[in-house]
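Please look over the model first.

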Amino acid sequence: MRFMIIVKSCPEFEAEVQPDPDPEVMAAMATYHEELAKAGVLLDGTGLKPSRTGWRIHYGKEGRRVVDGPFAEAKELIAGYTLIQVRSREEALEWSRRFPNPVREGAEAIVEVRELFELEDFTPSEALDKFKAMDAMNKHA
């Protein structure tokens, strides 16, 4: 089972001039991710640059249009993620409870956890077979 631990953004992360990360937060994150790696459950994890460096693709009747950042609601944005693979929802919950405060200790922050779909979750189809073939190629690369 794969889970994504999503660090929700905040005005501080979206600030026009991004300060260097708090050394205590960086140390706590490094230790936490090292523990995940040693346990063999860490798949990936990184922070994202502020939304002013990104864009969104909006789909509608007229087709697609690109909207450049920044985006207004910081609390609705993602500032980073950690991707883990564990045996159960309970194990994911235990790891997520240990996730360090991404802002700084005592500050308000939100971390959301979501399970990823696995190919086995979907009804068999020709399109699903294509995804399975790509997955097999990636595992052998």
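What covers the buried residues of α2? The cover includes β1 (2–8), β2 (42–47), β5 (78–85) and α3 (89–97).

## Basis

This is a predicted model: local features need pLDDT of at least 70, side-chain atom pairs count only at pLDDT 80 or more, and totals for chains, interfaces and linings use all residues. Residues are numbered from 1 along each chain as its sequence is written, and side-chain values use heavy atoms, without hydrogens and water.

Helices (H or I, at least four residues) and strands (E, at least two) are DSSP runs, numbered from the N terminus.

## Helix α2

Helix α2 covers residues 23–39. At 1.5 Å a residue, its 17 residues should span 24 Å, and the end C-alpha atoms are 24 Å apart, which agrees. (The expected span is 1.5 Å times one less than the number of residues.)

Val25, Met29, Tyr32, His33 and Leu36 are the buried residues of α2 (buried: under 20% relative accessible area; exposed: over 50%; 1.4 Å probe, protein chains only). They cover an arc of only 95° around the axis, so they lie on the same side of α2. The arc is taken from the directions from the helix axis to the C-beta atoms. On the other side, Pro23, Glu24 and Lys38 are exposed.

Just after α2, Gly40 has a positive phi of about 80°.

## Core

The largest nonpolar core has 18 residues (buried Ala, Val, Leu, Ile, Met, Phe, Trp, Tyr and Cys, joined through side-chain atoms within 4.5 Å). Tyr32, Leu36 and Ile84 are among those with the most contacts inside it. α2 gives the most to this core, with 4 residues.

Definitions and conventions:
Contact = heavy atoms within 4.5 Å.
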